[in-house]
Amino acid sequence: METLEDIRREILNCKKCPLHLTKTNYVPGTGTGGSGIVFVGEAPGREEDLKGEPFVGSAGKLLTELMASVGLTRDEVFICNVLKCRPPNNRDPLPEEVEVCGGYLVRQLNVIKPNLVVCLGRHSASFIFDFFGLQFSSITKLSGKVFEAEKWDKKVKILPLYHPAAVLYRPQLRGEYEAHFRLVGELCGKTKKQKTLLDF
Ligand code: URA
């Protein structure tokens, strides 16, 4: 059985697409996923590329703050992206990049077998919906709605959310986004309903 560490080592030597030529660091993902919760973003940005860690720039600060507001630490979840290398100038991922790099995310998910996957932004949500055999429409329509899929002989919850960068860009989304994070807290038993993931 492979481990997250096996996959990380493989990513650190990846030459499957040209993004490895322009990146500074590979960004495989951080955290243990021990809580059964995975956050998936789109691709590393400038700060992430420099540090080799996901969500450490301004969008990452908002994400970390909102996670903390519902009692989640970065260590107990697994945070990663669909792409493990930064696309030049933060352009959108190309379909062929998603195709080859997405294989690593699939393997990471198959190791963690999460109970809850939080998708940050449309590229992430579209990939994750595909993976779980769900129909993706648009992030605006689906954001904040909980979906359920059968996988790994259990029920898995999928929660598509706006990308935190979109909320920084449009501060009017902040209130709704905070409410969506309270939902994250409820789904993982950290706030209000006090139901744990084991009860799912
Ligand atoms: N945006 C993302 O989608 N991922 C990161 O890691 C940082 C910014």
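1. Basis. This is a predicted model: local features need pLDDT of at least 70, side-chain atom pairs count only at pLDDT 80 or more, and totals for chains, interfaces and linings use all residues. Residues are numbered from 1 along each chain as its sequence is written, and side-chain values use heavy atoms, with hydrogens and water left out.

2. Ligand and backbone. A polar backbone atom of Glu42 is 2.8 Å from a ligand oxygen. For Ala43, a polar backbone atom is 3.0 Å from a ligand nitrogen. Phe55 places a backbone N or O atom 2.9 Å from a ligand oxygen. On its own the ligand has 240 Å² of accessible area (Shrake-Rupley method, 1.4 Å probe). The protein covers 91% of that area.

3. Cysteines. The structure has zero disulfides (pairs of cysteine sulfur atoms within 2.5 Å). For Cys80, the nearest cysteine sulfur is that of Cys101, 9.9 Å away. For Cys119, the nearest is that of Cys80, 10 Å away. Cys80 is buried at 1% relative accessibility (buried means under 20%, with a 1.4 Å probe and protein chains only). Cys119 is buried too, at 0%.

4. Asn115. This residue lies in the loop between α5 (95–112) and β3 (116–120). Helices are DSSP runs of H or I with at least four residues, strands runs of E with at least two, numbered from the N terminus. Asn115 is buried, at 15% relative accessible area. Its side chain makes a polar contact of 2.8 Å with the side chain of Lys154. Such a contact is a pair of N or O atoms within 3.5 Å; within protein, one must be able to donate a hydrogen and the other to accept it, and residues adjacent in sequence count only if both atoms are side-chain atoms.

Technical notes: Buried means under 20% relative accessible area, exposed over 50%, partly exposed in between (1.4 Å probe, protein chains only).
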